[in-house]
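Subject: Structure handover

Hello,

Here is the structure for you to look through. My notes follow below it.

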Amino acid sequence: MASPNQEAAEAALRAAEARFIANNPLSKAQQDLAVGAFPGGNTRTLLHTSPFPLCMKQGKDAYVWDVDGHKYVDFVGELTAGLLGHSHPTIHRTLLSTLSDTGLSLGATTAHEHTLAALLCARFRLDRVRMTSSGTEANLHALAGARHLTGRRRVVVFSGGYHGAVLSFPGGKPAANTVDARDFVVVPRYNDVSLAREVIKRTEDLAAVLVEPMQGAGGCIVGTREFLHGVRRAAGEKGVVFILDEVMTSRLAPGGLGSQMGLEPDLVTLGKYLGGGLAFGAFGGREEVMRVYDPRVEGALAHSGTFNNNTLVVRAGAAVLRDVYTAEVCVAFNERGEGFRERLRLAAKGSRLSVTGWGSLIGLHFTEDGMQEISCGEDLKGKERLDMRDLFWFEMLEAGFWTTRRGLIAMILGTPDDELDRFVEVVRGFLEKHRHTMMVGQ
Ligand SMILES: Cc1ncc(COP(=O)(O)O)c(C=O)c1O
């Protein structure tokens, strides 16, 4: 039977959803059209929301506008790929100059791709790097490289880990669309170092361990130093390739979150904002491992991809690292994120809302007991209040904030301070308005 607070939350949610439907007729009309071409009207599952997704018309700087004319502060930040905002002048200039001075689709190597490769190597301390068109591909090629090098197949990953469209491990097992699903051994709890060491130790035919230093899609749950170093050591002892997935987290410190933690991976995978808003991924690391991709060596692995060295993305990517997201900018931005997250945490004190994350990436969770320490997705099992999470999403939209329904905030460079302040106040007001359901103990 529903408790009084569940009934109240449900009633508030139904009312918020009704207002959403009334306020967004053109988004609804677009969804009605889209279902005629896409299954469910959608070509990216994450962006499907019930009763229908909002359809955006335009983005500028740190804002987006939907087709019904509402303006939002963009806290989705394209799930970290939109770090630079929607119209960064340096990226704009670089793309125009690429079109006029370089051209597209040269079907050859260019000096531009080397410029980006050298910047990536220097920034992320990689001996060698290869580029791809997505983070998913970066992980697939890193895994293929590890398998080729070791002559083994299996890979240890962690429950809640997300490594791409066909590499995800929610709830302790490979998702139905995971490639070579039987080759993955899933450690049932992230951040459990002894369990991880045990699984790595006992797994036969092991080629690699693949882990995020902070589980991003898994809820912005940060790996502890003890855990990450323990996993790294266990991989080393076993003689397998340790792959750190920094597709989401490379933005959190100048050399990526792993460098902040003092980790020395064999391979690192990258993506998202590093393409300046264009399709991008990369993998790189120790020369001994990356050598498996050296086409001068007989028996080397092939690494193909028409768009791996696309002129637009390699020039935009170089501009990101060299001119926009410099080490100094990265540090200052993430300090700003820390401050913002801390203020959100204070605003949420005593409520069912808890705040996780690192620097400019923030996870928001609603749980029955307002748990503050979340070390893995399993901690949330049976405790999450999805009704409250959805109510929050609808009401943040009404206040002019575009956030992900699942509760991830990926801050955008250049979001004005007063918008961050306003968000903290709106969150405080939301919790106060619904205090009978949102405060722990009610
Ligand atoms: C940690 C992590 N790895 C890999 C990926 C896949 O990247 P892409 O969507 O570019 O394929 C993502 C995407 O969200 C990610 O968060």
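Is Cys220 buried or exposed? Cys220 is buried, because its relative accessible area is 1%. Here buried means under 20% relative accessible area, exposed over 50% and partly exposed in between, with a 1.4 Å probe and protein chains only.

Before the rest, some ground rules. This is a predicted model: local features need pLDDT of at least 70, side-chain atom pairs count only at pLDDT 80 or more, and totals for chains, interfaces and linings use all residues. Residues are numbered from 1 along each chain as its sequence is written, and side-chain values use heavy atoms, with hydrogens and water left out.

Cysteines

The structure has zero disulfides. Cys220 is in none; the nearest cysteine sulfur, that of Cys376, is 15 Å away. A disulfide is a pair of cysteine sulfur atoms within 2.5 Å. Cys330 is buried too, at a relative accessible area of 0%. The closest cysteine sulfur to that of Cys330 is in Cys220, 16 Å away, which is too far for a bond.

The ligand and Thr136

Residues around the ligand include Ser134, Gly135, Thr136, Asn139, Tyr162 and Asp245. The cut-off for being near is a heavy atom within 4 Å. An N or O atom in the Thr136 side chain is 2.5 Å from a ligand oxygen. A polar side-chain atom of Asp245 is 2.8 Å from a ligand nitrogen. For Tyr162, a polar backbone atom is 3.5 Å from a ligand nitrogen.

Thr136 sits in helix H5 (residues 135-150). Helices are DSSP runs of H or I, at least four residues, and strands are runs of E, at least two, numbered from the N terminus. Thr136 is buried, with a relative accessible area of 17%. Its side chain reaches the backbone nitrogen of Ala165 at 3.0 Å. Leaving aside neighbours within four places in sequence, Thr136 is in contact (heavy atoms within 4.5 Å) with His163, Gly164, Ala165, Val166 and Leu167.

Helix H3

Which residues of H3 are buried? They are Thr90, Ile91, Thr94, Ser97, Thr98 and Thr102. Seen down the axis of H3, these fall within an arc of 130 degrees, so they line one face of the helix. The arc is taken from the directions from the helix axis to the C-beta atoms. Arg93 and Ser100 are exposed on the other side of H3. Cover for the buried residues includes helix H4 (111-124) and helix H10 (311-324). Just after H3, Gly103 takes a positive phi of about 90 degrees.

Best wishes

Note on methods:
A polar contact is a pair of N or O atoms within 3.5 Å; within protein, one must be able to donate a hydrogen and the other to accept it, and residues adjacent in sequence count only if both atoms are side-chain atoms.
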